[in-house]
Amino acid sequence: MYEHMTLIREFEERLKWLVETGVPVGAVHYYTGQEACAVGVCAALEPTDWIASTHRGHGHCIAKGVEVHRMMAELYGKATGSNRGKGGSMHITDVRVGMLGVNPIVGMGATHAVGAALSAKVRKTKQVAASFFGEGAASIGAIHEAMNLAAIWKLPVIFVCENNGYAQSTPVEYAVSVPNISDRAAAYNMPGVTVDGQDVLAVWEATVTAVERARAGQGPSLIECMTYRYYGHHQGDDTHRYRTNQEEDAARERDCIRRFRLQLLDGGSFSEEDLNALDASNRQKIDEAVSFAEASPLPHPDELLTQVYVADPNGDAE
Amino acid sequence: MITAAVRELSFGQAINEAIRQEMRRDPTIIVMGEDVAGGAGRAHLGLIDAWGGPLRATRGLITEFGPERILDTPIAEMGFLGAGVGAAMSGLRPIVEIMFVDLIGCCYDQIMNQAAKMHYMMGGQVDLPLVIRTAYGTRGGDNRTYGGGAGAQHSQTLYSVLAHIPGLKVVVPSTAYNAKGLTIAAIRDNGPVIVLEHKFLGLSAKGAVPEEPYTIPIGRAQIVRRGRDVTLCGIGRMTHICSEAANLLLAEGIDAEVVDVLTISPLDEDTILESVSRTRRLVVVDEDTPTASMARDIAARVADKGFDDLDAPIKTVTAPDSPVPFAAVLEAHYTPSAANVIAAVHSLFGSGA
């Protein structure tokens with residue numbers, strides 16, 4: 001878990017540096033600060049389980065096992081990217097590792113997770129589907145329709161609300177009618193818990209419980225993870241127009257990586273050197289990812305018009 | 001080669017048979033939608049299969065395939081169509097019914113941003129074998145009452161807002177025969193296909209349907225009547241209006257060819273252009289409103305690629321740019337009729353034709 005959390009942090013920090021030095025990686029939404037949510041949830045899932053993600057999806061991708069060099073190449077718009085350069089940050093997908101897609105139309109991923117869970121139920125595969133969404137998405141109808149469907153059909157879905165306090169610049173206490181998003185679970189007759197989203201073990205533990213329930217055919221659960229995004233809504237967003245320095249400093253005091261690192265060191269199974277070695281290895285992975293992205297070929301112009309339609313296996317294609 | 005018995009089926013029965021035969025063949029096919037069976041969850045009262053959709057096209061399926069594969073949904077188009085998209089990405093082949101095309105406003109993102117774009121923006125990683133069936137259309141001028149007279153929010157045609165989106169295939173069957181073949185083709189397609197089913201085809205669509213499963217290729221128009229003097233290009237029910245007009249025109253010595261478009265996206269330009277190259281005149285007949293419509297799209301493509309073959313301007317016969325009215329007399333005026341088509345043809349031959 002520590003390795004995944006720091007790999008996400010390293011990826012996002014490098015990406016931020018790339019953006020600030022003018023590398024055209026498109027529109028990006030940094031996940032920095034929320035690493036414990038993605039990693040805690042995905043650590044409780046099997047590789048064959050599904051996740052559906054949001055516009056702020058790099059962390060979910062890495063936590064579920066999408067290779068960082070294919071992600072970086074996608075951001076560079078290269079043919080070797082996860083989506084062959086046709087998706088970009090807001091559509092990174094890797095179905096081979098159960099990653100159903102970053103999805104920037106807020107709330108839609110939840111409905112797709114419900115569909116994947118329905119598929120698992122009909123095909124009797126015992127897979128579960130986790131749906132990440134922000135507290136901003138908690139106000140859109142699609143989320144509520146998804147929760148109701150999952151509840152009435154007892155589908156194996158784990159709804160994971162990452163409450164980072166802001167929908168772009170709109171604070172949660174303005175936009176949401178209840179004190180906790182998890183309160184809404186009652187409306188769909190499913191368990192709802194609020195956990196410290198800066199504590200990866202707390203997120204993991206809540207997810208393990210929800211996954212057990214889902215696999216047992218008892219239906220969906222809602223987990224609200226209280227977290228914080230360190231940077232703006234997207235690259236270039238000045239958070240000081242709607243947040244105070246004091247608030248940001250206090251949030252960084254609760255940094256999920258520093259906290260988990262201390263827990264690991266206290267536990268005695270890992271030494272400072274072990275963790276430093278992991279950090280160095282992550283830095284190298286990101287170095288290699290950037291080199292791979294830079295060296296990769298651009299998509300051929302013909303790619304513009306391929307895959308508009310799904311090719312007919314009988315040859316009546318495109 | 002189709003050898004099995006040929007019976008007369010209604011439009012709805014033909015679609016029902018298509019779905020039933022495909023579901024027998026492929027256990028990953030499921031059906032979802034509001035009241036696709038009806039009376040869900042009350043099986044202990046014997047109330048299953050209470051409805052079956054507006055065309056009764058899904059009636060009886062639940063008794064054969066059970067509630068695991070025939071899923072009545074709550075009223076949540078955004079949610080259950082999204083579930084269809086997610087299920088199609090993960091191993092199922094869902095057939096989702098949106099009761100009326102007027103309701104796509106409730107789930108349009110799932111159509112235009114999700115289903116249509118997944119395969120492309122994910123770099124071809126996922127297929128999306130999803131069928132969306134939806135009923136459309138006015139009652140027209142034949143004084144139907146049951147289910148007709150539904151007014152502005154339950155009578156629209158809305159072809160163009162679907163055909164406009166790259167990545168979607170959009171088919172519009174016009175007879176029981178082509179409804180079965182296009183529905184099976186849609187189910188077997190590995191990408192999203194929308195099937196638009198006119199609510200009031202009635203007797204004009206009833207016809208001989210082979211019992212065996214068969215497909216009609218998506219993306220091909222069909223010349224349903226040969227003629228020398230003018231091409232009448234119809235979509236869905238308007239194909240029957242074109243044929244009716246062609247019969248009346250023949251009596252006055254004008255020999256009209258009728259093209260049934262069948263797939264509005266991707267459009268079969270070749271068949272339409274080939275027809276126009278022989279008849280040298282074109283009237284496009286479309287039940288949708290005209291601004292940014294299929295009628296004008298077809299006209300523009302023929303003007304672009306077939307201008308030298310034309311002896312007269314292209315004419316379009318469409319609904320007006322207005323909401324669908326309620327009163328039967330107004331709705332009859334709203335909906336293109338054979339008389340409207342004949343008037344358009346006359347204008348191509350000079351007033352005395």
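On one side of helix 10 of chain A, A:Arg258, A:Leu262 and A:Asp266 are exposed. Before I go on: this is a predicted model.

The helix itself runs over residues 256-267 of chain A, 12 residues in total. From the first C-alpha to the last, helix 10 reaches 16 Å, close to the 16 Å expected at 1.5 Å a residue.

Now the other side. Which residues of helix 10 of chain A are buried? They are A:Cys256, A:Ile257 and A:Phe260. These residues sit on the same side of helix 10 because they cover an arc of only 95° around the axis. As for what covers them, the list includes three helices of chain A: helix 1 (2-20), helix 2 (35-43) and helix 8 (200-215).

One point on how the helix ends. After helix 10 of chain A comes A:Gly268, and the phi of A:Gly268 is positive, near 85°.

I turn to the contact between the chains. Chain A puts 35 residues into the contact, and chain B puts in 37. On the side of chain B that touches chain A, at least two residues each come from helix 3 (77-89), helix 4 (108-115) and helix 5 (118-121) of chain B. Which helix supplies the largest share of that side? Helix 3 of chain B does, with 10 residues. Sorted by class, the side of chain B that touches chain A has 17 nonpolar residues, 15 polar and 5 charged.

Definitions and conventions:
Residues are numbered from 1 along each chain as its sequence is written. Chains are lettered from A and ligands numbered from 1 in the order in which they are written. This is a predicted model: local features need pLDDT of at least 70, side-chain atom pairs count only at pLDDT 80 or more; totals for chains, interfaces and linings use all residues. Helices (H or I, at least four residues) and strands (E, at least two) are DSSP runs, numbered from the N terminus. The expected span of a helix is 1.5 Å times one less than its number of residues. A residue is buried if 20 or more other C-beta atoms lie within 10 Å of its own, exposed if 12 or fewer, and partly exposed in between; C-beta atoms are placed from the backbone. The arc is that of the directions from the helix axis to the C-beta atoms. Two residues are in contact if their C-beta atoms, placed from the backbone, lie within 7 Å. Ala, Val, Leu, Ile, Met, Phe, Trp, Tyr, Cys and Pro count as nonpolar, Asp, Glu, Lys and Arg as charged, and the others, Gly among them, as polar.
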